[in-house]
Number of protein chains: 4
Amino acid sequence: MDYQELIEEVYHEVNKLELKGKVADYIPELAKVNPDQFGIALVDLEGKVYGVGDYKTPFSIQSISKVHTLTMVFHVFNSKLWTRVNVEPSGNPFNSIAQLEFEKGIPRNPFINAGALVIADALTSKFEDPKTQIINFINDISGDKCVSINEEVRISELKHSERNIAMAYFLKAYDNFDNDVQEVLETYVSQCAIEMSCVDLAKSFSFLANDGYSIFAKRNIVTESNARRINALMLTCGFYDESGEFAYRVGLPGKSGVGGGVGAVMPHKFSVAVWSPELNEKGNSVKSIKALELLTDKLKFSLF
Amino acid sequence: MDYQELIEEVYHEVNKLELKGKVADYIPELAKVNPDQFGIALVDLEGKVYGVGDYKTPFSIQSISKVHTLTMVFHVFNSKLWTRVNVEPSGNPFNSIAQLEFEKGIPRNPFINAGALVIADALTSKFEDPKTQIINFINDISGDKCVSINEEVRISELKHSERNIAMAYFLKAYDNFDNDVQEVLETYVSQCAIEMSCVDLAKSFSFLANDGYSIFAKRNIVTESNARRINALMLTCGFYDESGEFAYRVGLPGKSGVGGGVGAVMPHKFSVAVWSPELNEKGNSVKSIKALELLTDKLKFSLF
Amino acid sequence: MDYQELIEEVYHEVNKLELKGKVADYIPELAKVNPDQFGIALVDLEGKVYGVGDYKTPFSIQSISKVHTLTMVFHVFNSKLWTRVNVEPSGNPFNSIAQLEFEKGIPRNPFINAGALVIADALTSKFEDPKTQIINFINDISGDKCVSINEEVRISELKHSERNIAMAYFLKAYDNFDNDVQEVLETYVSQCAIEMSCVDLAKSFSFLANDGYSIFAKRNIVTESNARRINALMLTCGFYDESGEFAYRVGLPGKSGVGGGVGAVMPHKFSVAVWSPELNEKGNSVKSIKALELLTDKLKFSLF
Amino acid sequence: MDYQELIEEVYHEVNKLELKGKVADYIPELAKVNPDQFGIALVDLEGKVYGVGDYKTPFSIQSISKVHTLTMVFHVFNSKLWTRVNVEPSGNPFNSIAQLEFEKGIPRNPFINAGALVIADALTSKFEDPKTQIINFINDISGDKCVSINEEVRISELKHSERNIAMAYFLKAYDNFDNDVQEVLETYVSQCAIEMSCVDLAKSFSFLANDGYSIFAKRNIVTESNARRINALMLTCGFYDESGEFAYRVGLPGKSGVGGGVGAVMPHKFSVAVWSPELNEKGNSVKSIKALELLTDKLKFSLF
């Protein structure tokens, strides 16, 4: 099947459905985005790019960056990391602190906020300048200087981060946080404020479709076994408390962000990024999820 | 790779590890089993069987039967079913009632006890004699009269089912349970007391590896799309509150039972059943999980 | 101060406030009651009765009966009882089952449903005919054959008791329930369907104002020390998850029921019963609570 | 009864029981205290002091100071305060953050840490120098310059306050915290590090036994009605998740601290302070609680 034709078909069908949601408004800067934007980019194993709609427009990747930072710590910490973060689906909203208390300071998985903060803390321990390292890493695996930080979003998130600060101190109370809270928070907020287009995001996920090898960086980013594990984590935990629903309906490993983006992977076939700002009540983009559902339906394959 | 060689290699490596666990003892009859038994059976898409160890010995499949009953209601109820049961991972033990209260009587997924009771209730509404229907169905998709009920186990579980009865009445309180509790419980307990060998279990899972088509029943059991969905559910919810761990380490859709068995699937390749009675603290067989982990490692593929 | 004058003043002031609530409707029979009824009865230590409004009209005492049954088991079981039921405020609705799971089958206190079921179970172990014993006991301490059972309410509650049955089986699962569930439930539902007027209810609470001595039964019902303890329990746990609010605003030990009644006690002064069917969202009568608040304000004393 | 004789009797009986507990060790400075110390002081309505044992030795009052700060904000904020803090018993440990999430940033009561932080925040809004104001206030109502701050304890608590900082930021996330977290924390930690003897503590609680009038300050500290309300709060919430047990066994309004002290009140009779460092598993002093139980038993009165 021709991928370009496929994603265009998906694009038009989704548009016809006139799906409605609500743009994220927990910070004013995210609420300003034009809600009608919608783009799809697909990258095959040879690195060929297919795109439709607003696939070249940069958007706020938000929580999708958690996949990138997890990848960065993965080969360094590997098994040690899993004494600090668990790998179980959460079943709770991404910013719940109650679960963290019940489980004595070990976040359920690296994709809820508490888990991502632990990973930002680990990066802060490892790197002099973790913010720049993250940008360089994503640029590297995308094969392009594609990453920019939206300063307004970054500053606004920093101002509205009481809940994340609370979580960081709570982790500290359980001895699961090593560095200065403010310092780690700066890194975390910076990674969430990254802007990329669908095409660059899809490129940055390409190594996960290719057993850990990035055709853009021209090197192995993680081992084959770890690539599989990151995919497994995305499948079970990538969509907050809607992860089961996504696995059930779509069946691809993926990660969503409240900016309306989704990065996903069909192992040994392609990586894909979809973006549209309007969200459902669980915080996932209504159009992006529908697009991926149609995509796997039309391809007649998913993971399963 | 030669499957027979592969599973023999796995079998011997696991045996060498001398893994220890604890045989289920919540009913005395399960505790009587010889804990050292261990078997693996693999069935490829052509229906060819590979086996090692105690792969022909019948054991109590317990919760694995939830996959069979889910399949039975799937094509009948389809979307309607999902108003009564959710598809999200639970993150709680399989017999937790607290979550059911928080979520107002809608079980998290069909593989926790509350969800399986809703499905047993649906089967009771549909069939005159659901117990016999379940047996016939499993025999059919295994291509063999392989199913027997262990009467001692059945009677003992019936005697120790206060918690399940509590859950059934709780579901009734939320109008999510239509039939007489005792009647449904008889069906549920009967399905849990089913005994099958690894080989027959692997055969009964074969259609899930083959887009819904059973080579033993020689017919489509569910649509391709529904086969994928059952696999997605097993991957995200099949191992109680260890489902994320299993997806992470093994990466196959599967379902475990407290009898020590696991049925799993590598879509478009094979189905596999492993059995060994000693369990870890989450209620999953230590040897069976290790065997499946080695299997996917050696094959160098999992779903991802 | 003249008690008759006092309660009339309170009665008229409350009526002027035109407080509104919602009659209990979880069973149709309770919803049928005329919502405008409102009565107050006060009984001093000499047994003299003061009354105003509908204070002679029988109403469904519902959960207030939990004080009577607790009293019945108190001297028999005493310290042993407290291995089966705790004495802490619940902070959750009266019919929550989640807390029971977290606390492994030991109900938080004897006034939530789970705790009252344990007490009904204890009475069933002790008495041949617990239903009649409860009626006889209340008649005895009220000095009158005042108790009747509303058969319609009883039968209707029996029909709608899935949640209580669930709790009873859940208690059984934790070995904290000895008798047949249905048998105990009959007792429990029967006690909830008791009808009494404010005057008889106030009389039946009189011994709690008088160090355990009932002027109507002309005997000590419980020891002085146990009378104090029942009062302490009512103060901390008598109003579901509004107990703190009631202690704060009113400051008297008391127990409410979803029929709209409240029985309360000013130790060494009087017992009092108030009834009006409209409830606030926590299930407590809006007028009854306001009346007791005004009463203690005007008397310028509460417990504290 | 002669109060001096009474408390001596209680003192000796408790000593004979050889009760054992565990000195608080969450900060090293508290763990250094001699665990065998034990003192009782009782102050009657005329201001006469009775004492036995180590009743003149200053100790760390810790959470008992929450009663003093609540009193300070009470007349200022009154009803407005109760939009920010609730008055229900918690049923959870004093430093639980989960409950705060379930109840959307409104602490259950002013005596759990989250509630006391809200009050420290309110004091910070009102006073230029809240730390000094608190000291002055307690000195005032004790009629003595009795308050000192243990600097070692203060600094150590400041170093170990991750959990309280987490709670403060969490409150901020729910718009229930107005000032700079560090500034409020300084006040909170300072109040917890106050040292007073039993005699001074009992004096500082005297107004609560006397309808709000302090014989030492020679003025009304709060209205009669508010004095009753503070007592009600102590009775239902003063002993963490053991409040029901204390009301049941002792029946006096009181507040405990992890330093081993308890301040309590018998309205219209006396105030009393007991101190002994060894704690039970709920964080309450084993000897202090036993002493108060014997005291009310011997007096044959409690509130009830």
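This is a predicted model: local features need pLDDT of at least 70, side-chain atom pairs count only at pLDDT 80 or more; totals for chains, interfaces and linings use all residues.
Residues are numbered from 1 along each chain as its sequence is written, chains are lettered from A in the order in which they are written, and side-chain values use heavy atoms, with hydrogens and water left out.

**View 1. Glu157(A) sits in helix α7 (residues 151–159) of chain A.** Helices here are DSSP runs (H or I, at least four residues), numbered from the N terminus. Look for Glu157(A) as a buried residue, with a relative accessible area of 8%; buried means under 20%, exposed over 50% and partly exposed in between, using a 1.4 Å probe and protein chains only. Its side chain makes a polar contact of 3.2 Å with the side chain of Tyr26(A). Such a contact is a pair of N or O atoms within 3.5 Å; within protein, one must be able to donate a hydrogen and the other to accept it, and residues adjacent in sequence count only if both atoms are side-chain atoms.

**View 2. Tyr188(A) belongs to helix α9 (residues 181–192) of chain A.** Tyr188(A) is buried, at 3% relative accessible area. The side chains of Tyr188(A) and Asn113(A) are joined by a polar contact of 3.3 Å.

Notes. Helices (H or I, at least four residues) and strands (E, at least two) are DSSP runs, numbered from the N terminus.
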